[in-house]
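Dear colleague,

Please find below the sequence and the structure that I am handing over to you.

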Amino acid sequence: MLVTDERVERTLGALAVAVLVLVCLLVVAVLVKAWPSFSYNGLRWFGAGGEVDTQLRAMREGTPLPGHGLLYFRAWPLVWGTALTTVLAVALALITSTLAAIFLTEFAPARVRSVLDPIIRLLAGVPSVVYGLIGILAIAPWINAHLLDNGRKQSVAYVVQLNGANLMTATLILTVMITPIMVAISANALEAVPPAWREGSAALGVNRWRTIWRVSLRTARPAIAAATVLATARALGEAVMLAMVSGGRAFAANPLDGLTFLFEPVRPMAAQIFQESEGLTIGPLGHTIYALGAVLLVSAVMLSLAGWAAKQSMKRYGIRA
Amino acid sequence: MAVGAATRGAMPPLSHPRRASVRSWPFVDRAAYVLCWVTGIGLSLITAGIVLFMLLKGVSYLQLGQFIHSPSPSLHQTQSGGFSDPIVGTLLVTAIGIVIAAPLGVAIAAWLSEYGRPAGLARAVESALEMLAGVPSVVLAIFGLLIFAQGFLAFMSQRAFNGTVTGQSFITAGIVMSLLALPLVVAAAREALAQLPDRLREASYALGKTRATTIWRVLLPSIRPSIASGVVLGMGRIIGDTAIITLILGATLKNEPATGTPILGTLTGTGSTLTSYVFNNSPAGEGNSHEKAYAAAFVLLMIVLALNALVTLLASGRPQRERKLRQRALALVPWTR
Amino acid sequence: MRVYRTLIVSIVVALVLAVPAGALAKRLIIGGSTSVLPLAQKLATAYHQAYPKLSAPKVGGGQSDIGISGAAKGSFDIGDSSRDPIKGVDPHGLVFTKVARDGVCVITNQANPISNLSQESVEGIFTGRIRDWSSVPGSRITGPIDLFDRDGASGTQDAFQHIFLGETLKISPTATAETSNGLEQNAVSSDKQAVGFASFAYTAGVNAVGYQGVACNLRNAKSGQYGGVRNFWMVTRGVPKGEALKFIKWVTSGNATTKRIINSSWIAVH
């Protein structure tokens, strides 16, 4: 079999370029399909104004709302819902995963570690539909029965109805979903810290915790940053679990409500896309859904860029993921 | 002081200084220590809790007959049908996805690692793969629908009688699924290729082999365990995905072939997988039977557990790699072509 | 070289075989109402058993409004709807064919087993005028009312509003909207203060409330005593033609198979 290097190089290169072209096609196609919705609404697409469900219904039925066209859409409740769940879940997961990674690499006895490692890695592989099932059948009713009392429901009864499918449930389950990935990456990075650095710190009389905090964690910062970017991407794109657990109403949860704010319903963008799956062929509705997809896509791209930038700045002293 | 010690007698036996106990740390550090323990144990308890909960529910609702029977439409799902079709569907979609993603991924990894000219193009391909890894699967799903609903791709799915192309079939779902697994395979293969010592390549070139032959005969066989673990990771991601299945596979109850042709009919037909079956039977879907949902979710969890164990098994073959490399280097000598 | 040639030849052969096969692969695509979905699935399976040479119709969901607009646009051959056509809202040129009737019950949690609600109570609760269970006669619990509605695209919601609330009153906008009968049933069964409405088939695990003195069950619906009954329609763009006509004719023919299927949980009209 006589193949010249050049022919093979060209074939493999063509395959690689095909994937590149496909990804570009993905971005272009979604943006083109989404453009009518953005051009009609302008920047106000991201603003607030009316109920998302009413606007979507108008598009489905083909009867525009009074004073607006069919493409009228104000995505603020969806954007705010996505931002809330993602930021809260990633913040919680960052703290939890760092502490758990430190525990696994530094404090846990070897036998405990060998048992816990595969258990936590298993958590990373559980499909989101299983989380959604447990959430909707076990966790949401529990929260509704034990944490929500009538007084709290009364306080916002004129604006929104509270039940188990709310911001708290969604955030908690999302945190549990993204923590294992971060633990795995952070633990690997903490392990790769040069022992000489830790021993040097110990030799200076610094206790173990401070060594971890000041030396190991600092060194592992690029890896933790990469893990955070990965986790944020996953949280942003989580559609099925959130659709099952918190699809009730596209409501912009109000932080000024105090603690009740945690119990208000949310609907993130990915969940909205998933719920509207059957209506993609209908003109204005399709454009709006692709517009939501375009926003998610652009966010994913910006996340990769942010992660790359963060890693560049930390590269000098840190350990790459 | 040495003089003083010598006059006072023999040195005391050498012993390691006692490690300062946690009790001597300042309060904040002690609190952090306790917090770490609590988080670590807590996370494991949560995992154990989830697995045990699914185990309990699954075992109570799972019946062996469900593996053999097909789902049948009925309002009282607790008494009718099983999930044999969804299991077949899962296997089919995973197989199609991996058959496309594995060779493609290895080829791209080989190109990036061994050729990679021009450099700008290589960086662009890397960024594209990274972006693909971060794209939400719903967005991939709506993109897939857009592409496969075009008229010229109608042979991959079915047409309605009024002419619209549905774009929903096993083939289209498999193709979109391969995009999910691709970045994982490429990453695993690239990392492994980067860790191969240069002397392997140099030895092959010294024997007069071209770069292509080196890749095909020397490098790729050496990284087989890494490719395998990358493929298994990709499989895990494919098996766990629901959004693409619901949008692109049609999520019908049974696997419905499009035509009478034996294999091609099933491939262009719609069907369901375990994930869409669980979703449909949960309160979020229309199947209205959480017993079946629990049973299917339990089976899904077991499959994921098995895949995880497989990855750990494959990854543990590392110490043998050095030995294999040496064997392969020696084997190059008598091989002539 | 030989590998390349064999590869290219096999791909071409596969494509040549696949393309005409794809051209022949036409299927009846049905979608729309999630309430009609269980009935449509059963009918499709039985139709395939009766005519094995034809590929089974593909039945999907999406709620009634999607069924109607999908049929108008052409993405479905037949759209399912669980609400009556609304002049001025539905696209022109659609033909609605009635296939069955279905009952809608008001449902409450089993901790609150109300046996009957009058028209006034139903109107007060669902428009949000009555906000506490203590103001509802027959209620066993107190506390705020948790109202559960259906998504805007739902035919069940439209049917409920027209039948139970009349033409002018609308369900309170603060109600939580669920996207399927199953989710509605789940929500009501897990919340003590909940009240909602669902199709007959989804009343397991919740308390089905009687309406205006008549219990909500299949027998009362068939006899005509229970008032909360709505129509199931199959919608086509223009008069049904070809395969769609064959299917609809079979469904509405009143033969033994379809009669048996429809009468199991719905009310036959043919």
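The notes that follow take up confidence, the interfaces between chains, and then some details within individual chains.

**Confidence**

Please bear in mind that this is a predicted model. Its scores are ipTM 0.88 and pTM 0.86. For chain C, the mean pLDDT is 85, with 96% of the residues at 70 or more. Within chain C, the element with the lowest mean pLDDT is helix α1 (residues 2–24), at 72, while strand β4 (residues 78–81) has the highest, at 91. Where pLDDT is low, predicted coordinates should not be read in detail.

**Chain B against chain A**

In the contact between these two chains, chain B contributes 67 residues and chain A contributes 67 residues. Several helices of chain B each supply at least two residues to the side that touches chain A, among them α3 (84–115), α4 (119–134), α5 (137–148) and α13 (290–315). The largest share of that side comes from α2(B), with 16 residues. Sorted by class, the side of chain B that touches chain A holds 48 nonpolar, 16 polar and 3 charged residues.

**Chain C against chain B**

Here the contact takes 37 residues from chain C and 28 residues from chain B. On the chain C side, at least two residues each are supplied by α1, β1 (26–27), α2 (37–50), β3 (58–62), α6 (181–189) and α8 (242–252). The classes on the side of chain C that touches chain B are 16 nonpolar, 15 polar and 6 charged residues. One contributor, α1 of chain C, is also the element of chain C with the lowest mean pLDDT.

**The two domains of chain C**

Chain C is divided into domain 1 (28–101 + 232–268) and domain 2 (103–229). Their C-alpha centres lie 26 Å apart. Across the boundary, 14 residues of domain 1 are in contact with 16 residues of domain 2. On the domain 1 side, helix α3 (residues 64–73) of chain C provides the largest share, 3 residues. That side of domain 1 divides into 3 nonpolar, 8 polar and 3 charged residues.

**Helix α7 of chain A**

Helix α7 (residues 167–191) of chain A has 25 residues and reaches 35 Å from its first C-alpha to its last, close to the 36 Å expected at 1.5 Å a residue. Because 20 of its 25 residues are buried, α7(A) is largely enclosed by the rest of the structure.

Chain B has 14 helices and 1 strand. Of its 337 residues, 52% are buried. Among contacts in chain B between residues at least 6 apart in sequence, 70% join residues at least 24 apart.

B:Ala189 counts as buried because it has 26 C-beta neighbours inside 10 Å, where the cut-off is 20 or more. Leaving aside residues up to four places away in sequence, B:Ala189 touches B:Gly105, B:Val106, B:Ala109, B:Ile223, B:Ser226, B:Ile227 and B:Gly230. By contrast, the C-alpha atoms of B:Ala189 and B:Gln168 are separated by 31 Å, the two residues being 21 apart along the chain.

With kind regards

Note on methods: Residues numbered from 1 in each chain as written. Chains lettered and ligands numbered in written order. Predicted model: local features only at pLDDT ≥ 70, side-chain atom pairs only at ≥ 80, totals over all residues. pLDDT = per-residue confidence, 0-100. Helix = DSSP H or I, 4+ residues; strand = E, 2+ residues; numbered from the N terminus. Expected span 1.5 Å × (residues − 1). Buried ≥ 20, exposed ≤ 12 C-beta atoms within 10 Å, placed from the backbone. Domains from an automatic or database assignment. Contact = placed C-beta atoms within 7 Å. Nonpolar A, V, L, I, M, F, W, Y, C, P; charged D, E, K, R; others polar.
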